[in-house]
Amino acid sequence: MKEKIDTILDTVKEPETGLTMAQLGFVERIRYSERQKKLTVFSGNLKANRKLCCTVMQGLLISGTKKSLTEAFQKAFPDLAVEVV
């Protein structure tokens with residue numbers, strides 16, 4: 001499981017910078033519940049911007065990045081429920 005997780009973090013890229021999740025440190029921790037058959041991926045806290053336009057753009061990038069991570073984890077672990085928060 002650890003190898004699959006490392007591979008995902010080394011291959012999924014943030015669209016704006018092209019850096020991987022591992023390079024960005026975007027994922028803070030991952031929790032696996034065998035009983036619930038669930039994998040929860042906790043993303044890092046990014047600093048809030050004061051300008052509305054920057055906040056909106058950052059939100060869109062984060063949303064797309066979380067979607068890409070969710071898809072990658074679901075593909076690697078099809079028997080688990082995956083949640084990226």
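A charge is taken to sit over a ring if NZ of Lys or CZ of Arg is within 6 Å of the ring centre and within 35 degrees of the ring normal. In the predicted model described here, local features need pLDDT of at least 70 and side-chain atom pairs count only at pLDDT 80 or more, whereas totals for chains, interfaces and linings use all residues. Residues are numbered from 1 along each chain as its sequence is written, and side-chain values use heavy atoms, with hydrogens and water left out.

By the charge criterion, the charged end of Arg-29 sits over the ring of Phe-42, at 3.9 Å from the ring centre. Arg-29 also stands opposite Phe-42 in strand 2. Strands are DSSP runs (E, at least two residues) numbered from the N terminus, and two of them pair if DSSP finds at least two bridges between them. Strand 2 (residues 38-43) pairs with strand 1 in the antiparallel sense over 6 bridges.

An open sheet is formed by 3 strands in the order 1-2-3, with mixed pairing. Strand 1 (27-33) and strand 3 (81-84) each have a single partner strand and stand at the edges, so one side of each is left without a neighbour in the sheet. From one strand to the next, the twist averages 15 degrees, with axes fitted as lines to C-alpha atoms and angles running from 0 to 180 degrees between N-to-C directions.

The structure contains 1 aromatic pair. The ring centres of Phe-73 and Phe-77 lie 6.4 Å apart with their planes at 15 degrees, so the pair is stacked (centres within 6.5 Å, planes under 30 degrees apart). Phe-73 is buried, with a relative accessible area of 0%, and Phe-77 is buried at 7% (buried: under 20% relative accessible area, 1.4 Å probe, protein chains only).

Technical notes
Rings of Phe, Tyr and Trp (its six-membered ring) pair if their centres lie within 6.5 Å; planes under 30 degrees apart count as stacked, over 60 as edge-to-face and the rest as tilted. Buried means under 20% relative accessible area, exposed over 50%, partly exposed in between (1.4 Å probe, protein chains only). Helices (H or I, at least four residues) and strands (E, at least two) are DSSP runs, numbered from the N terminus.
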